Structures are given as structure tokens and as C-alpha cells.
Amino acid sequence: MRERFHGELSVLGELLSAMCGMAGEELRLANRVFLDRDAEAAVELAMVEAKLNAARTECEETAQKLLALQAPVAGDLRTVLAAVFCADRLERMGDLAQHIADQAAREPEFAVPGHLTGQFGEMAGLVCSMAEDLGAAVEGPTAEVFHSLARTDERVDALYEELMTLVTGPEWTDGVGPAISVALLARFYERFADQVVSVARRVDFALTGELPESAVRDAPAEL
């Protein structure tokens, strides 16, 4: 019975690892839609989004079955509950990637003024690297991975604040529409990064039973 239980726990871990890969792939595709104006990437993104949503459902159903039939305690219970929490956050990461692509596609020319492409290019690169590192955290979680992600998240937050200061300042001359687009896109990237840190934090807690010393508060699922 215990062997079967731990086999099903392994299935949960494999699902979460796959979902990390899907969320990261969605973000890479969203970056192509946004930064490279690649319309075909939007079609690929929608297909990955459907797979991610299905994986989230499978993860939740597996976890519910384990809770109902096995009544896990201590570390096993932490693992099951963490899987449910992380699946929700990973699906949300996919939604945010979809929002980035949708917002970029709404603009007839380019989603943000040309003089801000540097900041958005850096933000997109940082968040994409965080999504890739999250896979390592899920497969072999360590506090070091969490702290590395948290440090990168601080830089993403700084870029977000910089962009928001620009679009709300008196020197902004690009108009209301571009300001809204900049604010939305910056927010989507910033929230994606927050979700990555939230998932890494919960994975580390499931493994150790302790929150990382410098852990930030869990990011809410909504914007």
C-alpha cells in the first residue's frame, strides 16, 4: 500500500515538473509574440495553454484521491498540499503568459514605445530564466535555488517600478494608450515572476518543513 502511495506521489512530482516546462514554454512563446512580433507563436501558445490546464486538472484529481484514500500525514501531507498549491500557481503563470501575448497582439504596430524595448527585453529575459530555474527547484528543491530566484525577482520588481514611474510621470509624452499597454505588460511579467518565487517557496517548504529565511509572502493567484 505504501509503495503504491509513494508511486502516486512520484506521479504528482512528474506532473508538476511537466507543468513547469509548459509554463516556461508559454512565456518563451509570449516573448516571441511580444518582442519578435511572431504571430505564429500565438497559435503554439494556445496549444500549450490547453495542455497546461489539463495537467492542472489531473494534478488536482490525483491529489484529491491521495487525500481521500491514503490520509497522508507530516511530510507526505505537505507534499500533496504543495502539489495542489503549485499546480494552481503554474496554471496562473500560463494565464499571464497568454495575457502578454494577447496584449501585444492588440497593438497594430508594437505594444510599447521603442525607447522602452531595452527594459522589456531585460525583464522578459529575467523572467524566462526564472521559469527555467523553477524546473530545477521542482526536480531537486534546495533553499539556494529559492534564494537565487528571489534575488532575480527583486530586479524584476525594480524594472517594474521603473516603468511605472516613467508612464505616470510628467515627462511621458507617448499618450494614454501606450501607457496602459506598458503598465499591463510590465504587470504581467512582474506577476509571473512572483508566482515563480511562490512555487519555489512552497516546494522548498514541502521538502524541509521550514520556510526559507528570506521568503517573501506567497503571491496571490489573481492580478
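Colleague: Which rules apply to the numbering and to the model?
Modeller: Residues are numbered from 1 along each chain as its sequence is written, and side-chain values use heavy atoms, with hydrogens and water left out. Because this is a predicted model, local features need pLDDT of at least 70 and side-chain atom pairs count only at pLDDT 80 or more, while totals for chains, interfaces and linings use all residues.

Colleague: Is F34 buried or exposed?
Modeller: Buried means under 20% relative accessible area, exposed over 50% and partly exposed in between, with a 1.4 Å probe and protein chains only. F34 has a relative accessibility of 1%, so the residue counts as buried.

Colleague: How is the pair of F34 and F120 classed?
Modeller: Rings of Phe, Tyr and Trp (its six-membered ring) pair if their centres lie within 6.5 Å, and planes under 30 degrees apart count as stacked, over 60 as edge-to-face and the rest as tilted. The centres of F34 and F120 are 5.5 Å apart and their planes stand at 85°, so the pair is edge-to-face.

Colleague: Which residues form one aromatic cluster?
Modeller: F120 is buried, with a relative accessible area of 0%. F34 and Y189 form a tilted pair, at 6.3 Å centre to centre and 35° between the planes. Y189 is likewise buried, at 0%, and the one aromatic cluster is formed by F34, F120 and Y189.
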